[in-house]
Structures are given as structure tokens and as C-alpha cells.
Amino acid sequence: MHYRASVTQPSLARRLGLRDAVVIGLAAMIGAGVFAAFAPAAHAAGEGLLVGLAIAAFVAFANASSTAQLAARYPESGGAYRYGRERLGEWPGFFAGWSFVIGKTASCAAMAITFAAYLAPPGWERPLAAAAVIVLAAVNLRGITRTARVATVIVIGVLAVLVLVVVAGSTSMFQGGAPFGAGDLLAEGWLGILQSAGLLFFAFAGYARIATLGEEVREPARTIPRAIAISLGITVVVYAAIGTVALASLGADGLAASGAPLVDVVEANGWNWAEPLVRLGAAAAALGALLALIAGVGRTSLAMARDGELPRALAAVHPRFRVPYIAEIAVAVVIVVVVLAVDLRGAIGFSSFGVLLYYFIANAAAITQPRADRRVPRALSVAGAIGCLVLVVTLPLVSIVAGLAVLAVGVTYRLVSRAVRSRRGAEPSGPVG
């Protein structure tokens, strides 16, 4: 297998301890998703979004654990795209990579729309969102990347804003008592709750980033699982607090109808002076996530193009800036189209569709690993795979139909391109180490 060739290259330094890994995990998870995902979740499940949050958190934990196990065995770029190829075959690998590209492209659109929702004047949301995509794509084309230190600063700022929102929103709870009873949590039924879990899964995007640190973490077999559990646990607590105070302040209907829910929370409690801080926090989180996402999708497209799974032109690397410039330009164009064509709920649902399928393949790959490579119980990977499928089929119908249509486009492209290469007598190239 070609991945063995990569281990002959110089290894990265193992400098990260548990605290570093936890901070990186928090930076990956506590971002713009928390500013956007609660409104569509409330539309689907009402107060039951809190139950959906717990379900989404469990599926996220199972997925991250499987990914950590795979990353320890295959420490190279490509994520589940590479794991799928190595453990399950070329087609599952292709589905993982294609699902990641389409899912994260939709995530980029959601981040851009979130940024504009919190900062743009009425009527200017879509133009500002498209402009943000163009500017950040241009930044990435020059090879500028976000460092771990910058990511840490961003997450500290976002956490400070979220604490402010929780404190402001708690006013409603102290004045009015419990905002809902246990019966209200199930009022919209389990279909609505599972749909909200699929939408809230979007807010956990990035949790498995810790698993990619296997080569840079001290005692990775011990540190990575602990860091995943700690960072995910903190994130769940923060999200549960935000969801509770948002429901208490706005009610399920008000939260579902809100374009900038956390701003509405502070305003509903008379903390108008905090509105600019919340808007700036949301904007910073969205831009930071968008910058990293564009780079990530571009590089996954590069890896797939090198393997012949996407057009070879996308594998081009700029001679000066050393970035996959054609891939990133193509990704930016698609993101702008999505920004101009869909609303936030549609972008989040479509993103969840792609990312859930991506992690389904990661869990399936982890299930096939032999006992010697296992770091988590096989049952956890099985539960993660089942959870991904359940959340996919309960997403909004429009997200499922659009996702299946784009998957069909990918399958058609792969079949046609393989047929053309076969006719020319050229076999598809294997994975590049």
C-alpha cells in the first residue's frame, strides 16, 4: 500500500500535550455553527432540539473515536477518503471523498451566510456572503493559513461571547422559571428530534480534527481519546446552555424564525449594549471557519485529483505560493453559487448530508480493522455508523434529494472518466503516498 511510503519521510515533532490537543479540539468545534444551527433545529423539533443535541453529540463522539483509531494506523492526509480506499476499496473511498467535498462546500456556504446574517444590512446578506468567499479564497491562494495560535485566540473570543449570551439569557429563566417541561421536549415527535440532531450535527463539525494530530501528540494512544472526550464534553455543555437560554428567551417559534438567534437572545433580555459584541463574535467565528474550510476542501480535491478521482487539472499546484490554486478557485466558484441559491437551513442540511455519509464510511472502515489496531470497542464504531445513517434519512427531504442528486453526479463522472481511460488503455492511478 502506498501509505507505507509516506512513513519514510521525516516525522513531525511530538510537542502537543493533552491541554494543547483539547484547545485545538475546542477551536475546531466551537465556531460559527453554534451561531447558526439552533434556528433550523428549533424549526424541526421545538424544545426537543435539546434531545437532538444529545443524540448528535453521541454520534459525533463515536465518529471521532473511529477516526482517531484510523488516523493512528494511516497517518496521512485525506482522512476518510484515504481510510475508505485502504480498508474498503476505491468506490467507498471515492464516496467518502466526494461526500466530504460536497458537504464541506455547503459548510463553507453556511459559514458565509452566517457571517452576513450577523453583520450585513437588510437586503445585503447574500452579496456580502459572496464577497467574503471571494476575499478569503484570494487569501488562501497566497498560501496564508491559520496557525494554531490564531485558532486559540479565536476560540477564546468566541467562548467569551457565548458566556455573555448565556448570562444574558439566564435572566429569562430566573424571572420566568423553567421555560418548558419534560413533555415539551417530545412535543414534535421523534422524527423532528432526529431531524434536529442531523442539523445540529453541523455544529460539531471539526471534532475529529484532534485525530489528525497523531504524529504530533505525545503518547497519542492515551492523549487523543482523552482529548476527544474532554473537548467534546465541554462543547456539549456550552451548546446545551446556549440552546436552553435561547429557548427560554425566544421560545421555540421565535428561535426557529430568527436569522441571528444569539443577537435576539441578548436583545430579548435587555442587553442591547452586547449586540455588537455578539455580532462581531459570530462574524469572527464564521470567517475563521470559512478560511480553514476553503483550504481543507481545496486540499481534499487535490488529493482526489492526484488519484484520478477528480479532473487532473485540480491537482495543479501554484509554482510560487505552493497551493492547489485551480482546486481552490473551483471550490470558491461553487460556494458562491450555493450562497446565492440557497438559504441557511438548506446549506446546513445539505452539509450534514455529505458529512454524515463521510463519517459513515469512516466508521465502516474502523469496523474492519483487526484487533491489533483497535483502540475503541467495535460496538462504538457500529453505533456511529448506524447513527450516521439514521440522521441522514431523517434530514429535511430537500437536503436528501439534493444530496442524492449530487452523489449521482459524482458516480456518473467516475464511471465516465474510468471508461474513457480504459478506452485509452490507461488504468486509473492508485493512491499517492
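Q: A crossing is left-handed if the near helix is turned anticlockwise from the far one by less than a right angle, and right-handed if it is turned clockwise; is the crossing of α6 and α15 left-handed or right-handed?
A: This is a predicted model, in which local features need pLDDT of at least 70 and side-chain atom pairs count only at pLDDT 80 or more, while totals for chains, interfaces and linings use all residues. Residues are numbered from 1 along each chain as its sequence is written, and side-chain values use heavy atoms, with hydrogens and water left out. Helices (H or I, at least four residues) and strands (E, at least two) are DSSP runs, numbered from the N terminus. Under these terms, the crossing of α6 and α15 is left-handed.

Q: How are α6 and α15 set to each other?
A: The axes, which are lines fitted to C-alpha atoms, for helices over the stretch in contact, are compared by angles from 0 to 180 degrees between N-to-C directions. Those of α6 (residues 80–87) and α15 (residues 344–367) come within 9 Å and cross at roughly 40°. Angles under 35 degrees count as roughly parallel, over 145 as roughly antiparallel, 65 to 115 as roughly perpendicular and the rest as oblique, and α6 and α15 are therefore oblique.

Q: Which residues of α15 make the contact with α6?
A: Contact means heavy atoms within 4.5 Å. On the α6 side, A80, Y81, Y83, G84 and R87 take part. Their partners in α15 are Y358, I361, A362 and A365.

Q: How many charged residues does the contact of α8 with α13 have?
A: α8 (residues 125–141) packs against α13 at about 55° with the axes 9 Å apart, which makes the two helices oblique. In α8, A132, V133, L136, A137, V139 and N140 meet L287, L290, L291, I294 and A295 in α13. With Ala, Val, Leu, Ile, Met, Phe, Trp, Tyr, Cys and Pro taken as nonpolar, Asp, Glu, Lys and Arg as charged, and the others, Gly among them, as polar, this contact has 10 nonpolar residues, 1 polar and, as for charged residues, no such residue.

Q: How is α7 directed relative to α13?
A: α7 (residues 90–119) and α13 pack with their axes 8 Å apart, at an angle of about 155°. That makes α7, relative to α13, roughly antiparallel.

Q: Which kind of pair do the rings of F201 and Y359 form?
A: Rings of Phe, Tyr and Trp (its six-membered ring) pair if their centres lie within 6.5 Å, with planes under 30 degrees apart counted as stacked, over 60 as edge-to-face and the rest as tilted. The count by this rule comes to 11 aromatic pairs. F201 and Y359 have ring centres 6.4 Å apart and planes at 70°, so the pair is edge-to-face.

Technical notes: Left-handed = near helix turned anticlockwise from the far one by under 90°.
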